[in-house]
Amino acid sequence: MDLSIIVPIYNEYGNLEPLHAEISAAALALGKDYEVIYIDDGSTDGSAELLRSIHASDDRVRVIFFRRNFGQTAALSAGFGACTGEVVVTMDGDRQNDPADMARLLAKLDEGYDLVSGWRRKRCDGFWLRRLPSAVANAIIRVTTNVKVHDYGCMLKAYRGEIARGLRLYGEMHRFIPAIAGDLGAAICEIEVNHRPRT
């Protein structure tokens, strides 16, 4: 498999069909063999049933179901454990990440990097509840690690498969993935990505 796309889902019923259409269009344009792995993180809004329908209509889709909400780190860990792609892309399920950015992430990966991290430079989030806490967390992580990226919290990332499958995650460690990958010797870079309003 050339590409695995991993998407944690928690109560995203209204977003799932347009999200899957966007992911499929962007992945097909890449001309690669791909799989999409959705992790339903204990949704209670009908997302699980809709994911079963999407899986039934698209043989490139795999779905992992959690019995309750375990959080984004657990969902990513399950996706990394299940994926088979030489390259792995992760993104959020709320459509704030733009699947069309995958092409740019993969092009940067082809330059020799092991992990390409998205930077939501122009965030479409509220200042007090989203952007300010994120800026503080990013500053702390930059100071305490040797990996200097602007946006540790951006879910839109591309990895070499062996790096993704080598990550051992627990708790809330998804925010520290660039630092963890850096400790594994990964070559890391960051590119600006499109960030869209939450729907």
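**Exercise 1. Find which residues touch the most other members of the largest nonpolar core, and which elements supply this core.**

*Solution.* Start with the residues. The largest nonpolar core has 31 residues, and those touching the most other members are Ile5, Val7, Ile23, Tyr38, Val89 and Met91. Keep in mind as you inspect them that this is a predicted model.

Next, turn to the elements. At least two residues of this core come from each of the strands S1 (3-9), S2 (34-41), S3 (61-66), S4 (87-90) and S7 (188-192), and likewise from each of the helices H1 (13-30), H2 (47-57) and H4 (102-109). H1 gives the most, with five residues.

Now zoom in on one member. Beyond its neighbours within four places in sequence, Val7 is in contact with Leu19, Ile23, Ile37, Tyr38, Ile39, Met91, Asp92 and Gly93.

Finally, look beyond this core. Apart from it lies another core of 21 residues, including Ile6, Cys83, Ile163 and Ile177.

**Exercise 2. Work out how S1 is covered on its two faces, and which strands it is joined to by bridges.**

*Solution.* Take burial first. Seven of the seven residues of S1 are buried, so the strand is mostly covered, buried here being under 20% relative accessible area.

Then separate the faces. One side carries Leu3, Ile5, Val7 and Ile9, the other Ser4, Ile6 and Pro8, and all of these are buried.

Now follow the pairing. S1 and S2 run parallel and are joined by seven bridges; within this pairing, Val7 has Tyr38 of S2 as its bridge partner. S1 also runs parallel to S4, with four bridges between them, and here Ser4 is partnered by Val88 of S4.

**Exercise 3. Trace the salt bridges of Glu22 and decide where each partner lies.**

*Solution.* The structure holds seven salt bridges. Begin with the one in which the side chains of Glu22 and Arg95 meet, at 3.4 Å from N to O. This pair links distant parts of the chain, since Glu22 is in helix H1 and Arg95 in the loop between S4 and H4, 73 residues apart.

Check how accessible the two residues are. Glu22 counts as partly exposed because its relative accessibility is 23%. Arg95 falls into the partly exposed class because its value is 22%.

Go on to the other bridge. Glu22 also forms a salt bridge with Arg196, and the closest N and O atoms are 2.8 Å apart. Arg196 lies in the segment after S7 and Glu22 in helix H1, so this pair ties together parts that are 174 residues apart in sequence. Arg196 is buried, with a relative accessible area of 16%.

Methods: Residues are numbered from 1 along each chain as its sequence is written. This is a predicted model: local features need pLDDT of at least 70, side-chain atom pairs count only at pLDDT 80 or more; totals for chains, interfaces and linings use all residues. Side-chain values use heavy atoms; hydrogens and water are left out. A nonpolar core is a set of buried Ala, Val, Leu, Ile, Met, Phe, Trp, Tyr and Cys residues joined through side-chain atoms within 4.5 Å. Buried means under 20% relative accessible area, exposed over 50%, partly exposed in between (1.4 Å probe, protein chains only). Contact means heavy atoms within 4.5 Å. Two strands pair if DSSP finds at least two bridges between them. A salt bridge is a side-chain nitrogen of Lys or Arg within 4 Å of a carboxyl oxygen of Asp or Glu.
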